[in-house]
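Open your viewer and get ready to select residues as you read.

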Amino acid sequence: MSPRVNGHTRPLGLLGYPVEHSLGPLMHNAAFEALGLNYCYLPLPVAPEALGQAIAGLSAMGFVGANVTFPHKQAVMSYLDELSPEAQAIGAINTIVFREGKRLGYNVDGIGFLAGLTSALGIPVQGQRILVMGAGGAARAAVYTLVKAGASVTVLNRTAERAQTLVNSLRPHLPASASLDWGALTPEAVADRASGADIILNTTSAGMLPNVEATPWPEGLPFPPSAVAYDMIYAPRETTFLRTAKAAGARTLNGLNMLVHQGVQCFRLWTGQQPPLDVMFAAVTDQGVTH
Ligand code: NDP
């Protein structure tokens, strides 16, 4: 159902390029509708060279806020007045709030990821050994949040220097006792770290539509059945990585719960209301992935 738009409607949107496949409009508009809130969330395709104008325009037009996705998550920071501690540590933002003439930047990817993971597991991540494959923007948010929550994390990336940069740049924002190391995503390193891991997390884009056969998991390496396999990808719902883990008898989780839980955090920031989690989940899980 589309929300009723009238003269009192408060606009929000998603800044990205492209944005056509985003599930954000469905998820947030379903939540506004369910709570009877007069907000409307729009897809806002903005080319990189127009980002500054777009931010000024949203502010001038009375937008409540926006989400920010590829390719603007870092570039947008220079157009904002204040950044949350998470946004500063992670070095990217995914949520803007326009409040009292100020442009406030947040990164709720990590908080959303952790909330989704802990609610699915039913236990905190403190003391858990977590192998993270990948060292891009999503990995930065997850690693920062996991280590802050007391997990012990190893980051392995195809380009090893990127894993090193991630770890070194997060360290100043983490307690001195933080347990965090890095390496290259080689079959040997994965085999070594996976054997003692409680959770194995794919933050790479390997396996995402349309390259669904790709996987960061080394060919022929048995997946440890006692580890939980988490893939941040949600299109497709079950990646080759998750299929490998499932075949070994491991528990699997896809990225839909991260998507919804980060949406929950944004919803709170924009409206100050308790978001309807079930409605938001239903809005995204009912969607077949066709692209
Ligand atoms: P980035 O482009 O910043 O990083 C991509 C990462 O994937 C890099 O570590 C890259 O390694 C690695 N990679 C790409 N292809 C391969 C491959 N074939 N084998 C091994 N590693 C590979 O992307 P993001 O961090 O922003 O996003 C990563 C994934 O997370 C995407 O699939 C995205 O959809 C998903 N995501 C999900 C969210 C959710 O709500 N569920 C939220 C945000 C992201 P290298 O450095 O060597 O190039």
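**First stop: a salt bridge**

Select Arg129, which is partly exposed at a relative accessible area of 44% (buried means under 20%, exposed over 50% and partly exposed in between, with a 1.4 Å probe and protein chains only). A word on what you are viewing: this is a predicted model, in which local features need pLDDT of at least 70 and side-chain atom pairs count only at pLDDT 80 or more, while totals for chains, interfaces and linings use all residues. Residues are numbered from 1 along each chain as its sequence is written, and side-chain values use heavy atoms, with hydrogens and water left out.

Arg129 belongs to strand β7 (residues 129-133) and Asp198 to the loop between α7 (187-194) and β10 (199-202), so the pair ties together parts that are 69 residues apart in sequence. Helices (H or I, at least four residues) and strands (E, at least two) are DSSP runs, numbered from the N terminus.

How many salt bridges does a search of the whole structure find? It finds six. For another, pick Glu238 and Lys246, whose side chains meet at 2.9 Å, N to O. Glu238 is partly exposed at 29%, and Lys246 is partly exposed at 48%. Salt bridges with shared partners also join Asp181, Asp192 and Arg193 into one network. Within it, Asp192 and Arg193 meet at 3.5 Å, N to O.

**Two helices crossing**

Next, show α1 (residues 24-35) and α9 (residues 256-271), whose axes come within 11 Å and cross at roughly 55°. Axes are lines fitted to C-alpha atoms, for helices over the stretch in contact, and angles run from 0 to 180 degrees between N-to-C directions. The two helices are therefore oblique to each other (under 35 degrees is roughly parallel, over 145 roughly antiparallel, 65 to 115 roughly perpendicular and the rest oblique).

Display side chains where they meet (contact means heavy atoms within 4.5 Å): α1 residues including Met27 and Phe32 meet α9 residues including Leu259 and Trp270.

**Last stop: Asn67**

Finally, select Asn67 in strand β3 (residues 65-68). Is Asn67 buried or exposed? At 6% relative accessibility, Asn67 is buried. Among the residues Asn67 touches are His28, Gln262, Cys266 and Trp270. Leu15 is 52 residues from Asn67 in sequence, but 6.1 Å away in space, C-alpha to C-alpha.

Notes:
Salt bridge = Lys/Arg side-chain N within 4 Å of Asp/Glu carboxyl O. Lists of a residue's contacts leave out its neighbours within four places in sequence.
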